[in-house]
Amino acid sequence: MYDPVVRIPSRSMVPVALLLAAGTLSCATTGASAPTAPSTQSDGPPIIQPGAPGQPSRQITRAEATDLSAIEHTAADVRFMQGMIGHHAQALAMAEPASDRGGSDGVKLLAQRIDLSQQDEIRMMQEWLAARGEDVPSVDHSHSGMLMPGMLTPEQMAELLAARGADFDTLFLRFMIQHHNGALTMVNDLLAQPAAGQETTIAAFIADVVADQRAEMDRMAAMLRDMPEEER
Amino acid sequence: MTLQIARPVVLLLCASLLGGVSVSSAQSQQSDDRVGLAAGFRDAGVAARNIELVRTLAKPDGFFDPEAPAGRPRRPPVPDPPADAAADAEAQPAAPQPPAPGSGLSYTNTDFAFQGDHLFLGNYHGFNVYSIEDPTRAELAASIVCPGGQGDVSVYGNLLFMSVQDTRARLDCGVQGVAEPVSPERFRGVRIFDISDLRAPQQVAAVQTCRGSHTHTLIVDPDDDANVFLYNSGTSSVRPGQELAGCVGAPDPDAEESAEEDPDAPVDPNTSLFSIDVIQVPLAEPERSRIVSSPRVFANLETGDISGLWPGGDHGQGTQSSRETRQCHDITAYPEMGLAAGACSGNGILLDISDPVNPVRIDHVVDDAFAFWHSATFNNDGTKIVFTDEWGGGSRPRCRASDPKTWGANAIFDIVDGKMRFKGYYKLPAPQTEQENCVAHNGSLIPVPGRDIMVQGWYQGGLSIYDFSDSAHAVEIAYFDRGPVDANDLISGGYWSAYWYNGHVYGAEIARGLDVFRLLPSEHLSQNEIDAAALATANEVNVQHQQQVSWPDVPVVARAYMDQLERGHGIGMDRLTAVGDALDRVESGVGESTAMKADLDQLAADLQADSEEAFALNQSRLVLLAGTLSGIAAELR
């Protein structure tokens, strides 16, 4: 699995609840060289947690093994996902006019692709937030929320919408590079915060955003370079 | 329920509207019993053809969220307290903590490896060891918790290697993550465990890498008894140089405002991108394992530009957009051939690994249907490579009736004079639902002599066994599929990997656990062929480290070739009967051995002569049958 952008809407809770072995789980910490028979588990071998290289392994309980409370999503993760939805929504607003204002097929195709991939990611982010009971921003093009890094100012947006043909293409590429670069800044800012970006789904999502946006930036830079000098 | 019945019809309608599926194939899909399977985590509908599930084991304790075993994120019952609630919290110490939401991918089963009577199954959360002495009664033998994703494993002797990439992963295998952006406690790279005591493995080394380890490939150099090598493929973010010296390409976490990236800037010659890592593991002192080279295998051989391969983007109107080639996702080595095949984002590459520390790229290909070159498998002769395309990353439904048959598929190449020549595609033929993540994923060869056959996991598309003896016309011969984990939502599941090992097929199910299968004879595969495949045993199997298989000269192998020739109308009835009678005499042990020997040798000569008149697969199978008969004759006394 490379970039698991997982769709995880949660319209209903899983009805299955595995019956847990009743009783408390004691914290056995015997040396792992001779793990004692686990009294805490009804059957099967004990759960072993190795140490750092050269350190001994130890036996842990199921409760210890599945205590992921410390790597759950943080408030910063939630703000990141909420902000990124607005950020992606602006990319949709930028891509939309390309079909009738863009000059080249290359830019139109690129805009279509950006539109599709960002919609897919917006869906994923909305589902991630919903599954966690957090506020889910809608994609409202007219909504002028807080400007996240790299987002076009209202003036820049107006400039783009007023442009036609090759002028549109140049502005589109320049602004989309600026816009995508902002997404990288957002990831960077998130990862600089304590315990952020560690929940497995968001970790995978971030890796995906970085890979995709950087690749698209490279591609757009190449397209800009290939444009006639006077239009750059 | 009506929805479930209606869905396949809707999908087929969509398909024919889009023109992606012809009417005849749509009709054949309609009769495919994989369409319309009921959803369920433990009670999903099942379709199987020519293969039988003989054992299934749910994920063990410690490897699933007890409150959401299928892996669905849990919705917290109360919203998070506001940031300034610290003071309030003190006033209400009795308030119970809300359960944390969701395990996401935290307990995903991943890739696996085999040694002797044991199967080692990787997981984002660690790995499990199963005893498979009797595969139909496989049992859990050990559970090791050491989180970090994805948990790709290989085994060699008393060592187990494990890939780790997540930023939460800790050197000490702790489950608590690493809070600081830069920390000496973080581990991203390849862990090495001593598994001499299977029930209590010890971590003996942890080789840190700049991009972590997404997958790794064991390389056993036939000329080096003292070391083994690992080719490490890191695909995630570059870590800061402050955390691991020498890493270049990460954003500066201390920067107030992240510097604007200049996409026009030339590639930093020291970047941690655009390379693979070669790790040397000294077998006597595995704790001294280290990176010994980071070859620039994507370099332009003329200009030296390290980003010399696919730059990312589509291949023209209506084509797929392929990822930029700045890393490999997976590499499969075939040391006996001196070759490795790299599935590297935007390219498939072929490496000469005669010197494992300094691999040399000898060929590279692109494909306008591939989004992301994901993995590679050689055929046993080393004359073909099957590459997979993980379009959608493995978490998206990419086997719907509306999805192109050549996207998210396998591409099969012949190797001719060291160059790869495209021959054909193979994609799971049965359409899957929107609720099933599905795309080509990991598989291995089934060693049926005389044929190229592969078993492959397609996530929630199930497993598919197909014959690619004719590279341009791969055909499915068996399958197993369950309905989606959930009827409404896409919950990640299905086969990460499906591999053959010493007579059985094993499937690593992301959400549900471990499955064991046995092949059933059919018009596509005879009992002789199944029995012959089971004779090709190995004591250690790491699928990305291919070892050439050979078969003993025994009657059942000859009968496997005979079945193939008969199926392919490549042998006359008289000849077939004569060979069958001769083998019967050998097996009965009745008769004079000199006469039997002479019979077999004569038949071998006749078959050789027949082969000169035959074509393609029949020709090679006649030669193989002749060789086996000669071998049997030579054994007779």
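Asn410(B) stands opposite Tyr426(B) in strand S24(B). This pair belongs to a predicted model, in which local features need pLDDT of at least 70 and side-chain atom pairs count only at pLDDT 80 or more, while totals for chains, interfaces and linings use all residues. Residues are numbered from 1 along each chain as its sequence is written, chains are lettered from A and ligands numbered from 1 in the order in which they are written, and side-chain values use heavy atoms, with hydrogens and water left out.

Strand S23 of chain B spans residues 410-416, and six of its seven residues are buried (buried means under 20% relative accessible area, exposed over 50%, partly exposed in between, with a 1.4 Å probe and protein chains only). Helices (H or I, at least four residues) and strands (E, at least two) are DSSP runs, numbered from the N terminus. Seven bridges join S23(B) to strand S24 (residues 419-426) in the antiparallel sense, and two strands pair if DSSP finds at least two bridges between them. These two strands form a hairpin with two residues between them, and Asp417(B) in the turn has a positive phi of about 50°. S23(B) is also joined by five antiparallel bridges to strand S22 (residues 384-389) of chain B; here Ile385(B) has Phe413(B) as its bridge partner.

Chain B also holds an open sheet of four strands in the order S17-S18-S19-S20, with antiparallel pairing. Strands S17 (330-334) and S20 (360-365) of chain B stand at the edges with a single partner strand each, so one side of each has no neighbour in the sheet. From one strand to the next, the twist averages 20°. Within this sheet, S18 (residues 339-344) and S19 (residues 347-352) of chain B pair over six bridges, and Leu339(B) stands opposite Asp352(B).

A further open sheet of chain B has the order S11-S12-S13-S14, and its four strands pair in the antiparallel sense. Its edges are S11 (215-219) and S14 (290-293) of chain B, each with a single partner strand, so one side of each is left without a neighbour. The twist here averages 35° from one strand to the next. Three bridges join S13 (residues 277-282) of chain B to S14(B), with Ile279(B) opposite Ile291(B).

Two packed helices are described by the angle between their axes and the distance between the axes. Helices H7 (residues 593-611) and H8 (residues 616-635) of chain B pack at about 165°, with axes 8 Å apart; axes are lines fitted to C-alpha atoms, for helices over the stretch in contact, and angles run from 0 to 180 degrees between N-to-C directions. H7(B) is therefore roughly antiparallel to H8(B) (angles under 35 degrees count as roughly parallel, over 145 as roughly antiparallel, 65 to 115 as roughly perpendicular and the rest as oblique). Residues of H7(B), including Leu600(B) and Leu607(B), meet residues of H8(B), including Leu622(B) and Leu629(B), where contact means heavy atoms within 4.5 Å.

Turning to chain A, its secondary structure comes to seven helices and two strands, in the order β-β-α-α-α-α-α-α-α from the N terminus on. Of its 232 residues, 52% count as buried. Thr74(A), in the loop between helix H1 (62-65) and helix H2 (75-95) of chain A, is buried, with a relative accessible area of 17%. Not counting residues up to four places away in sequence, Thr74(A) touches Pro194(A), Ala195(A) and Ala196(A).
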